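Please examine the sequence and the structure shown below.

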Amino acid sequence: MRMLINVPETVVADALRGMAAAHPELAVDVDNRVIVRRDAPVAGKVALVSGGGSGHEPLHGGFVGPGMLDGACPGEVFTSPVPDQMVRAAAAVDSGEGVLFVVKNYTGDVLNFDMAAELAEDEGVRLAKVLVDDDVAVTDSLYTAGRRGTGATLFVEKIAGAAAEERAPLERVEAIGRQVNGSSRSFGVALSACSTPAKGGPTFDLPAGELELGVGIHGEPGRERRPMMTSREIAHFAVDAVLEDLRPSGPVIALVNGMGATPLLELYGFNAEVQRVLAERDVSVARTLVGNYVTSLDMAGASVTLCQVDEELLRLWDAPVRTPALRWGS
């Protein structure tokens, strides 16, 4: 495989140095693997911290900034960050109003964030946690007990982040994050395997002419493999899998997310099919976001995430945000 890297051992550090050079509004600690808002801690504001293995960019570092995260902790590729990173991030962003950890449901992430919470609380930081487990494809997987955390992570970080920006207290920000996660479901499809820098080749075998329905963001197995399907057929399968579990009674926000190697030309075409299926199922779509946001290195494919929203959640979604990967409003 051809990769735009120096050596596998420095991939994450090199990326963090590049991010620091591109985004002076962020304070990037390359040695300790912590990214925070340069204006942190923000007085009177609950802080949000998330993190996970690298390789899912722009998740999570690309979502650090006003209206979303205050800090992020990148681990090695597809490897959880360690508790020391999380404690350091929490200390850097805590204004005294408390810190909310946003944790994707992968065993390493859960264990390390729980350990970090205990350590940070010992140092006087008030902590709360939202566990994201929105993937309906499988119940247990290679790295999880229960459902995996995927596209809904973006919804939780954006909507809870907006509530924190409005100076909501920690208990309210946590409750909003839990509501968003509980109202969200996702389903992903792989058209090709991803390749990690350390391995230099595909992480799993997906024969030409086949796709993986229900793939995880680390290349974990999904529900089944089938011969290649059309965009319309994939949209039907993915949306129906989500709706079978979510059963929305009100409007939704739709995320049509690329896995890393699928161009926007294809993603927008896929979104057209997703929207068509939702209309056929009488699901009202309040907002749509299309792009590569929760990725799996160079995997070709896409995921669909739906979040049922009420007026407050939709207002918080629309609130201004200024991060490297997501920005709108004034």
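This is a predicted model: local features need pLDDT of at least 70, side-chain atom pairs count only at pLDDT 80 or more; totals for chains, interfaces and linings use all residues.

Asp245 counts as partly exposed, because its relative accessibility is 28%. Asp245 forms a salt bridge with Arg185, and the closest N and O atoms of the two are 2.5 Å apart. Asp245 belongs to helix α6 (residues 231-246) and Arg185 to strand β7 (residues 184-190), so the pair ties together parts that are 60 residues apart in sequence.

Is Arg185 buried or exposed? Arg185 is buried, because its relative accessible area is 15%, and residues under 20% are classed as buried.

## Further salt bridges

How many salt bridges does the structure hold? The structure holds 23 salt bridges. One of them joins the side chains of Arg33 and Glu76, at 2.7 Å from N to O. Arg33 lies in the loop between β1 (26-29) and β2 (34-37), while Glu76 lies in strand β4 (residues 71-77), so this pair ties together parts that are 43 residues apart in sequence. Arg33 is buried, with a relative accessible area of 17%, whereas Glu76 is partly exposed, with a relative accessibility of 37%.

Another salt bridge is formed by Glu312 and Arg172, whose closest N and O atoms are 2.7 Å apart. Glu312 is in helix α8 (residues 311-318) and Arg172 is in helix α5 (residues 170-182); the pair links distant parts of the chain, 140 residues apart. Glu312 is partly exposed at 29% relative accessibility, and Arg172 is partly exposed with a relative accessible area of 34%.

Salt bridges also link residues into a network, which consists of Arg232, Asp240, Glu273, Arg276, Glu280 and Arg281.

## A patch of negative charge

Which residues gather in a patch of negative charge on the surface? They are Glu118, Glu121, Asp122 and Glu123. Asp122, one of these residues, is found in helix α3 (residues 107-122). Asp122 counts as exposed, because its relative accessibility is 68% and the class of exposed residues begins over 50%.

## The surroundings of Ser54

Ser54 is found in strand β3 (residues 47-54) and is buried, with a relative accessible area of 7%. When neighbours within four places in sequence are left aside, Ser54 is in contact with Val12, Pro74, Gly75, Glu76, Val77 and Phe78. Among these contacts is Glu76, the residue that meets Arg33 in a salt bridge.

Ser54 may also be considered together with Thr323: the two are 269 residues apart in sequence and 18 Å apart in space, C-alpha to C-alpha.

Note on methods. Residues are numbered from 1 along each chain as its sequence is written. Side-chain values use heavy atoms; hydrogens and water are left out. Patches are made of residues with over 30% relative accessible area and no salt bridge: like charges are joined within 9 Å, nonpolar side chains (Val, Leu, Ile, Met, Phe, Trp, Tyr) within 5 Å. Accessible areas come from the Shrake-Rupley method with a 1.4 Å probe; for residues, only the protein chains shown count as cover. A salt bridge is a side-chain nitrogen of Lys or Arg within 4 Å of a carboxyl oxygen of Asp or Glu. Lys and Arg count as positive and Asp and Glu as negative; His and the chain ends are not counted. The place of a charge is taken as NZ of Lys, CZ of Arg, CG of Asp or CD of Glu. Helices (H or I, at least four residues) and strands (E, at least two) are DSSP runs, numbered from the N terminus. Buried means under 20% relative accessible area, exposed over 50%, partly exposed in between (1.4 Å probe, protein chains only). Contact means heavy atoms within 4.5 Å.
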